[in-house]
Amino acid sequence: MHGLKERLGDDVIGALLADAALDAEAPVPALPARLYRDFRETGRREPYEDAQRTRRNMLYRLTLAEWLEGQGRFVPALEEIAWARLEETNWAWPAHARDLDHPDRPTVDLAATMTALDMAELDYLVGDRLSAHLRTRLRTEVERRVVGPFLHRNDHWWLHSTPEKQVNNWTAVCVAGAVGAALYLETDTARLAEIVTRGLQSLADYLETFDREGGSSEGPDYWTYGFGNYVVLAQLLHARSGGAIDLLEGEFIRSVAQFPLRTMLAPDVWVSFSDSDNNPVFHPGLLTHLAQHLHMPDLLGLGMRNDFKVAGFNQFAWPLRQYAWPLPPKSRAAVLPLHDWYEETGWMISRLDPDQPGSLRLAAKGGHNQEMHNQNDVGSFMVLAGGKVVLTDPGRGRYSKAYFGPERYQNLMASSRGHSVPVVNGFEQVEGREREAQVLSHSHTMSADRLELDMAAAYPAEAGVRSLRRAIALDRQAPGGRVLLEDRYEFAGGDGVLQSVLITATEVCLQDNAVLIGEGAAGVRVQFDQQEVEVALERHAGVEKQYQPPVDLTRVVFTPRQPKREGHIALEILPLG
């Protein structure tokens with residue numbers, strides 16, 4: 001502990017203790033039944049989740065403060081908030097639970113399993129200072145709400161993949177919470193072995209969600225959530241087994257661990273396909289552990305910084321591990337290659353010059369429209385100039401009942417209208433595993449990176465398109481580089497209209513034969529054939545996002561001047577800087 005305090009420093013510990021002292025005087029936030037029911041009535045997740053998150057972070061700060069100071073002064077307040085959390089009617093979030101109260105068949109979801117591990121780590125760190133009654137109740141509730149149902153019930157959809165539904169990040173998070181809590185609290189080694197075995201079977205299905213090269217269609221945001229929890233459990237299991245079990249062994253796991261390196265476009269900017277944003281936060285403790293355990297120092301150079309402010313967390317694992325495993329004060333920037341390619345998901349990441357952070361960057365995807373956290377985005381792409389996103393894949397919308405319900409693809413963020421993909425005879429893309437891009441070709445050379453897709457299957461039969469080929473390339477031979485986009489189409493039953501679309505969250509200015517998007521070094525000039533194509537703007541103000549301010553999006557729509565049975569739209573995208 002003394003060495004840890006020296007690494008953290010007096011300022012970090014002092015700030016934490018000051019925040020915890022305020023928590024010790026503050027009332028425990030209420031969680032009335034009306035907040036839980038609000039989701040069912042309005043579809044909003046924030047009222048209950050925000051109040052519960054406030055409770056969680058009070059618990060985390062008080063636990064860390066008592067652990068680091070060790071004088072007992074935070075114990076009364078810590079017991080107060082711990083009792084409140086143990087007495088919550090339902091540990092599951094309203095969006096995931098059928099009812100407010102389900103005592104005989106509790107919902108085992110992300111929130112419940114994270115709470116179980118929270119409680120187990122609270123007990124591990126400061127349990128000897130807590131009342132015996134609290135510790136007994138803690139074990140009872142963790143067993144009743146999470147560990148027992150995990151072990152004995154098979155109705156958790158995230159437990160295993162089926163032909164109808166593939167598992168996703170939930171599996172890693174829920175298994176880490178349930179099995180991790182058992183690793184701390186279970187004293188019957190035979191029963192613990194049964195729990196661990198069940199967890200390992202589920203994690204095998206989770207790892208199947210990554211492609212052969214370690215790529216995930218969920219994107220970097222959900223890598224840090226899902227795989228991050230996988231790593232939490234791997235470390236706990238490694239410690240409990242005395243090193244006999246190491247879930248981080250093997251080249252495939254190393255490939256998965258490299259995902260945030262390979263999807264990094266520029267400093268502080270990542271690929272934002274699916275429900276992933278372009279500015280994810282990778283937890284310092286996670287990066288530190290992976291860098292050390294897997295001997296991957298580039299993970300320390302992703303641009304993350306230690307921020308010891310404990311606020312906004314949904315689980316104790318990350319603030320605890322940041323204090324226990326902080327990032328080193330200095331590390332060299334990650335070394336990025338010219339090009340990355342994920343064949344199974346059809347992701348191409350292309351960098352003009354990795355040594356010049358402001359140089360042109362391109363990310364494009366094929367894929368299909370039933371991916372994890374799916375958006376209808378076959379053929380979507382991003383372009384960066386001057387280190388900024390100029391043409392965007394907008395990432396995730398605001399999470400609500402509608403966003404994860406039948407109305408999902410009416411939301412601009414999840415529909416193909418919100419992506420730089422064509423509109424065919426007025427039709428958008430539709431969801432489904434069969435709505436897939438066929439990769440016709442992919443190439444990488446020192447002079448250019450190129451991807452060609454047939455996207456016709458992404459559109460409904462009513463669109464009438466027989467062939468829709470998109471070719472996109474980053475050309476390194478042009479001064480400053482350029483992105484070339486061509487949509488070549490053929491309709492089945494006569495003339496039709498195919499519109500090529502660009503999506504941006506920056507300023508747009510129309511000129512005679514070009515569109516200026518962004519400005520200065522963080523801008524591009526889009527050139528097109530004015531004789532063949534006309535351009536129009538469609539603006540969408542205040543589009544809601546999750547955990548971020550609303551964004552203003554503009555659809556730049558390129559339309560042929562005459563309907564045609566077959567034709568093409570070609571765009572040349574040049575950096576302004």
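The model is predicted, so local features need pLDDT of at least 70 and side-chain atom pairs count only at pLDDT 80 or more, while totals for chains, interfaces and linings use all residues. Residues are numbered from 1 along each chain as its sequence is written, and side-chain values use heavy atoms, with hydrogens and water left out.

Helices (H or I, at least four residues) and strands (E, at least two) are DSSP runs, numbered from the N terminus. Among the buried residues of α9 are Arg 191, Leu 192, Ile 195, Val 196 and Arg 198; Gly 199, Ser 202, Leu 203, Tyr 206 and Leu 207 are buried as well. Buried means under 20% relative accessible area, exposed over 50%, and partly exposed in between (1.4 Å probe, protein chains only). An α-helix has 3.6 residues a turn, so residues three or four places apart point the same way.

At the N-terminal end, Asp 188 caps α9, with a side-chain oxygen 3.0 Å from the backbone nitrogen of Ala 190.

## Nonpolar cores

A nonpolar core is a set of buried Ala, Val, Leu, Ile, Met, Phe, Trp, Tyr and Cys residues joined through side-chain atoms within 4.5 Å. The largest one has 139 residues, and Phe 227, Tyr 230 and Tyr 323 have the most contacts inside it. Its largest share, 12 residues, comes from α8. Apart from this core lies another of 44 residues, among them Val 421, Leu 451, Ala 456 and Phe 558.

Leaving aside residues up to four places away in sequence, Tyr 323 touches residues including Leu 4, Leu 8, Trp 67 and Phe 308.

## Salt bridges

A salt bridge is a side-chain nitrogen of Lys or Arg within 4 Å of a carboxyl oxygen of Asp or Glu.

| Pair | N to O distance |
|---|---|
| Asp 118 and Arg 56 | 3.7 Å |
| Glu 343 and Arg 212 | 3.8 Å |
| Arg 476 and Asp 449 | 2.5 Å |

In the pair of Asp 118 and Arg 56, Asp 118 lies in helix α6 (residues 110-126) and Arg 56 in helix α4 (residues 46-69), so the bridge ties together parts 62 residues apart in sequence. Both residues are buried.

Arg 212, by contrast, is exposed, with a relative accessible area of 60%. Arg 476 counts as buried at 13% relative accessibility, and so does Asp 449 at 0%.

Arg 45, Glu 49, Asp 50 and Arg 53 are linked in a network of salt bridges.

## Gln 546

Gln 546 lies in the loop between β19 (533-543) and β20 (551-560). This residue is buried, with a relative accessible area of 6%. The C-alpha atoms of Gln 546 and Ser 276 are separated by 10.0 Å, although the two are 270 residues apart along the chain.

Not counting residues up to four places away in sequence, Gln 546 touches Asp 277, Arg 396, Gly 397, Arg 398 and Tyr 399. The side chain of Gln 546 reaches the backbone nitrogen of Tyr 399 at 3.0 Å.

How values were computed
A polar contact is a pair of N or O atoms within 3.5 Å; within protein, one must be able to donate a hydrogen and the other to accept it, and residues adjacent in sequence count only if both atoms are side-chain atoms. Contact means heavy atoms within 4.5 Å.
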